[in-house]
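Please read them with the coordinates open.

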Amino acid sequence: MYVTGPHEAFALDVSTGQEIWHYWRPRPPELNVGDAALGTNRGLAILGDKVFKVTQDAHLIALNRTTGKLVWEVVMPPKGMKNYGSTLAPLIVRDMVIAGVSGGDWPGVRGFVAAYRASDGKLIWRFDMIPANGTLAAKSWGGNVPPDVGGGATWLTGS
Amino acid sequence: MIDKQGTRAITLCTFSGANTTGLRRSWKATIEIILAALAVSPVLLWAQRSHAPEVRASEAAKVFSVECAGCHGADARGTDQGPALAGARDLRRRSVLWIRHVISNGIPSGGMPAFVLPAGELNALAAFVHSLNSPAAESAVPGDRSAGERYFVGQGKCSSCHMVNGKGRAVGPDLSDMANRLSADELRTSLLNPSARITPGYELVTVLLRNGKTVRGFARSRSNFEIVVQDLKGQFHLLMMNEASAIQEEKRSLMPPTNAGPAELQDLIAYLSRLTGIKPGVSDVTSRPEPRGVSWLRILHPRPGDWLTYNGKVNGNRYSGLTQINARNVKQLRLQ
């Protein structure tokens with residue numbers, strides 16, 4: 001069985017709790033004090049020979065199931081966007097890993113759901129809960145989404 | 001040349017500095033010169049970095065064999081005249097500058113003479129000695145990296161047991177960040193004599209069970225009560241110590257010594273010396289159907305007792321179909 005923390009994952013034997021492997025990475029420095037992502041991680045997803053989890057700073061990582069070593073890593077928030085964390089257990093659908101973000105309490109965190117290809121981490125689609133300026137959905141905000149608006153964080157695994 | 005109207009035909013010779021002193025120019029032109037110079041200089045710097053250390057490293061090895069091997073050994077492992085320089089943990093914390101100082105000044109009290117060498121050779125030699133102990137990623141390692149990679153996935157068959165950056169098979173240890181952990185010298189030893197250093201969790205054991213069966217594989221984890229063995233097909237077996245009649249530790253590595261010629265070996269080491277781990281971004285593992293393991297169909301239609309997704313099943317109702325504990329006997333549950 002697999003157990004996770006915000007920056008680590010364990011593979012344990014189900015009957016005895018004996019540790020088979022332990023993956024660890026250092027905590028990123030940028031998260032705000034009190035951010036939920038600092039202390040929470042809701043688990044991982046399994047497909048094929050890989051397991052997938054999110055990290056505190058909203059990276060989605062794939063680990064090899066047998067060795068516990070990193071296979072690929074993608075950064076979920078678009079470039080330059082800050083304050084994003086992530087806590088959810090990703091969801092597997094067919095050959096995709098679907099994950100979201102947390103931190104909607106912080107400015108600028110426009111929540112989204114994104115699907116990545118399980119074999120290599122390529123982004124397949126992303127749906128913004130709060131649209132970016134210039135998109136069709138921004139009309140529902142009167143055409144102007146304030147830059148510090150936050151919300152719509154997608155921190156619970158879907159079904 | 002930039003004239004007062006600001007037309008932008010910039011040529012390299014204007015950056016040599018001397019030509020421009022007589023010109024009156026606007027702030028804008030000055031900034032343009034600086035920006036363009038900055039754009040050019042990384043290119044020059046890159047050219048220097050990418051070529052000079054590679055050439056120097058093989059020259060340095062020759063200088064070493066002429067000047068140093070007499071006392072420190074041809075393999076830098078030391079002789080009765082001088083200490084080992086390769087695999088010397090004390091040297092690992094020493095900077096290149098410190099080593100350079102010792103080479104050029106000697107250690108009179110210790111019997112090491114001062115070596116007067118041209119500056120270029122001295123620098124290269126100091127970097128070479130440093131590389132004997134520092135992680136391979138920080139050293140200039142001679143060899144053809146692409147040829148090394150071709151050998152790794154091809155003739156050497158290394159991918160059949162090792163994963164690198166998501167490619168290969170996960171039988172033995174993952175090598176994706178090998179260069180951050182081993183020095184070039186340690187990489188060479190691992191290739192030529194794998195049994196010298198076996199990664200923890202990959203020691204070969206054969207467990208003889210009381211029921212007559214045997215399980216052979218890697219001892220991934222063990223305690224006083226149980227041992228988890230990953231057999232050579234990748235299956236994990238939990239074996240309780242009271243089920244086992246004997247555990248034979250094979251002191252040898254499963255990996256055979258690398259059967260490569262000297263040039264191929266050097267190329268392979270050069271390739272391994274650049275494995276510094278996976279960086280964020282889409283990996284170059286090409287898309288393919290998921291290999292054996294948990295499949296999507298099995299997640300969609302789980303067997304009784306499977307809990308293969310966060311909410312148990314894809315419908316997310318977190319219901320378990322197990323029936324050992326049921327509505328009728330649940331009130332009999334007691335703490336033990």
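1. R94(A) is exposed, with a relative accessibility of 56%; exposed means over 50% relative accessible area, buried under 20%, and partly exposed in between (1.4 Å probe, protein chains only). The residue sits in the loop that links strand 8 (91-93) to strand 9 (96-100) of chain A. Its phi is positive, about 55°, although R94(A) is not a glycine.

2. On conventions: this is a predicted model, in which local features need pLDDT of at least 70 and side-chain atom pairs count only at pLDDT 80 or more, while totals for chains, interfaces and linings use all residues. Residues are numbered from 1 along each chain as its sequence is written, chains are lettered from A and ligands numbered from 1 in the order in which they are written, and side-chain values use heavy atoms, with hydrogens and water left out.

3. A positive phi also occurs in chain B, at N165(B), which is not a glycine and has a value near 50°. N165(B) belongs to the loop between strand 1 (163-164) and strand 2 (167-168) of chain B. With 26% relative accessibility, N165(B) is partly exposed.

4. Chain A has zero helices and 11 strands. Helices here are DSSP runs of H or I with at least four residues and strands are runs of E with at least two, numbered from the N terminus.

5. Of the 159 residues of chain A, 57% are buried. Contact means heavy atoms within 4.5 Å; among contacts in chain A between residues at least 6 apart in sequence, 49% join residues at least 24 apart.

6. K122(A) lies in the loop between strand 10 (112-117) and strand 11 (123-128) of chain A. K122(A) is partly exposed, at 40% relative accessible area. Leaving aside residues up to four places away in sequence, K122(A) touches A115(A), Y116(A), R117(A) and, in chain B, V282(B). Between K122(A) and V74(A) the C-alpha distance is 8.2 Å, with a sequence separation of 48 residues.

7. How many disulfides does the structure hold over all chains? The count is zero, a disulfide being a pair of cysteine sulfur atoms within 2.5 Å. For C68(B), the closest cysteine sulfur is that of C71(B), 9.1 Å away and therefore too far for a bond. C161(B) is likewise in no disulfide, with the nearest cysteine sulfur, in C158(B), 9.0 Å away. As for accessibility, C68(B) is buried at 12%, whereas C161(B) is partly exposed at 31%.

8. In helix 7 (residues 184-192) of chain B, the buried residues are A184(B), D185(B), E186(B), L187(B), S190(B) and L191(B). Their cover includes helix 3 (89-92), helix 5 (119-131) and helix 8 (262-272) of chain B.
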